[in-house]
Amino acid sequence: MLLLWLASNIAYAAPSQAIAQTQDVFNTGRASVVQIRTILKGSTSQSSTGSGFYVSDDGLVITNYHVVSSHALEPKIYVLEGVGSDGQSGELTLLAVDVLHDLALLRQKGKHFPYLRFNRDELAKGTRGFSFGNPQDIGLTIVEGTYNGLRDHSFYDTIHFTGAINAGMSGGPVVTKAGNVFGINVATMVNGQLIGFLVPAHFARELVERWRAKPVIPLEFQPEIARQISTHSDALLKRVMLDPMPVQRLGNYSAPDQLDTYMRCWANSNRDPKKFYQASTYYCGGSASIFVDQDVNTGSVSFTHDLVQGDALDPFRFGKVLESNFQYESPGWRAGNSKHFTKYACRDSVVNLHDMRAKAALCLREYRMFPGLYDVMLRVSTLRENTRALQTKLNLRGVNFDSGMAFVSHYMDAIRWND
């Protein structure tokens, strides 16, 4: 009976202690969290909202780059405003960006702001964390969650956090029970159950330190954003071009395989009995893309292989199937967001791949805000067999011309026929 009494009291005491701890963290940190609003200049209407937090008593604020991207790219159209938990608002000045880790540094005029400190101790997997933010513009919220270490298959370090991070919480701090920041809300997994991702706090600390060492505010941020994207893309491509490209065997063909540990590859087959041909599809991509602006993500590599077999078709009808799948002249290719991109310019030709004939099409479009950066699309369809073919599609986002063309050549060199 005594053991049952003790167990009963422990069971009811633990939740009470947890609630008290969450309340303490909230009461301690709430004054350091700020809602960040992007306002259409000349109006009082907000275009978007996010969260941030003070990291110094002189008004330095950390948030996500994607929270302030509209202002960073078009400062003549959008301004930034910070609203504290007490409802007081003030204009924010953008000081620096780190688009690779989705971070931005801002400043609000004034002194003696309550601020949060960065955590410097190593966390154990399973440590409880507390995420602050303004979800869906309904007010300041605190969410409990669990630190689950770094995310697998990611080009840059990202923390896996089990907690309900919702739109509007981006840029908010995630703290330990002592109130020290170990991560910054950045994303949640679509169709996932409480699967959130955080930017490790040391990237934010380093951004603050870099700006403190050279406190210069750029007149415009587009050149700096372009430089960071270019640096990222060059590093991404060079990393996978140091060694011969890994290949996988698809029937009698060889084609590029998983290029790096950050990539994931998947496969499926249509096997539709109503069709007179079959296609086995292989896709490889990874979490290396960088958010630039709404609907514009760049700095990534992905590719798809289709092994198409049509033994029940004559060569003419099989050729029509391949032509339909090739699709490089479709309207979707030529279109694009005219605000951000030029139209695709395409060329096609018959090429020789290790004594195997193939049709290849190469298309490029340039970024209007970042001259010298391109999206590249490559389509290749083998012409060796009358009823079987390998079709491959390569997509590069935000690359320099020279490094992009070098990668295209490296990629095509990996496609061959195996006797």
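Asp58, Arg107 and Arg212 are joined in a network of salt bridges, a salt bridge being a side-chain nitrogen of Lys or Arg within 4 Å of a carboxyl oxygen of Asp or Glu. The model is a predicted one, in which local features need pLDDT of at least 70, side-chain atom pairs count only at pLDDT 80 or more, and totals for chains, interfaces and linings use all residues. Residues are numbered from 1 along each chain as its sequence is written, and side-chain values use heavy atoms, with hydrogens and water left out.

Side chains of opposite charge can pair when their charged atoms come close. Over the whole structure, the search finds twelve salt bridges. One of them joins the side chains of Glu74 and Lys339, at 3.2 Å from N to O. This pair links distant parts of the chain, 265 residues apart: Glu74 belongs to the loop between helix 2 (65-73) and strand 4 (78-84), and Lys339 to the loop between helix 6 (331-334) and strand 20 (345-352). Helices (H or I, at least four residues) and strands (E, at least two) are DSSP runs, numbered from the N terminus. Glu74 is buried, at a relative accessible area of 19%, whereas Lys339 is partly exposed at 40%.

Because Arg365 lies in strand 21 (residues 357-366) and Asp375 in strand 22 (residues 373-382), the pair ties together parts that are ten residues apart in sequence. Arg365 counts as buried at 12% relative accessibility, and Asp375 counts as buried at 1%.

Within helix 5 (residues 315-326), Lys320 and Glu323 are three residues apart and therefore separated by about one helical turn. Their side chains meet in a salt bridge at 4.0 Å, N to O. Lys320 is partly exposed, with a relative accessible area of 45%, while Glu323 counts as exposed at 52%.

When residues up to four places away in sequence are not counted, Asp260 touches Arg239 and Val240, contact meaning heavy atoms within 4.5 Å. Asp260 is buried, with a relative accessible area of 13%.

Rolling a probe the size of a water molecule over the atoms shows where empty space is left. Here the search of the whole structure finds one cavity of 30 Å³ or more. A cavity is a set of points, on a 1 Å grid over the protein atoms alone, where a 1.4 Å probe fits but cannot get out; lining residues have an atom within 4 Å of a point. The lining consists of Val25, Thr28, Gly29, Leu116, Phe132, Val175 and Gly179. Helix 1 (residues 2-29) supplies the largest share of this lining, three residues.

Methods. Buried means under 20% relative accessible area, exposed over 50%, partly exposed in between (1.4 Å probe, protein chains only). On a 1 Å grid over the protein atoms alone, a cavity is a set of points where a 1.4 Å probe fits but cannot get out, and a pocket is an open set with protein on both sides within 12 Å along at least five of seven lines; lining residues have an atom within 4 Å of a point. Grid points are joined across faces, edges and corners, and a volume is the space filled by probe spheres set on the points.
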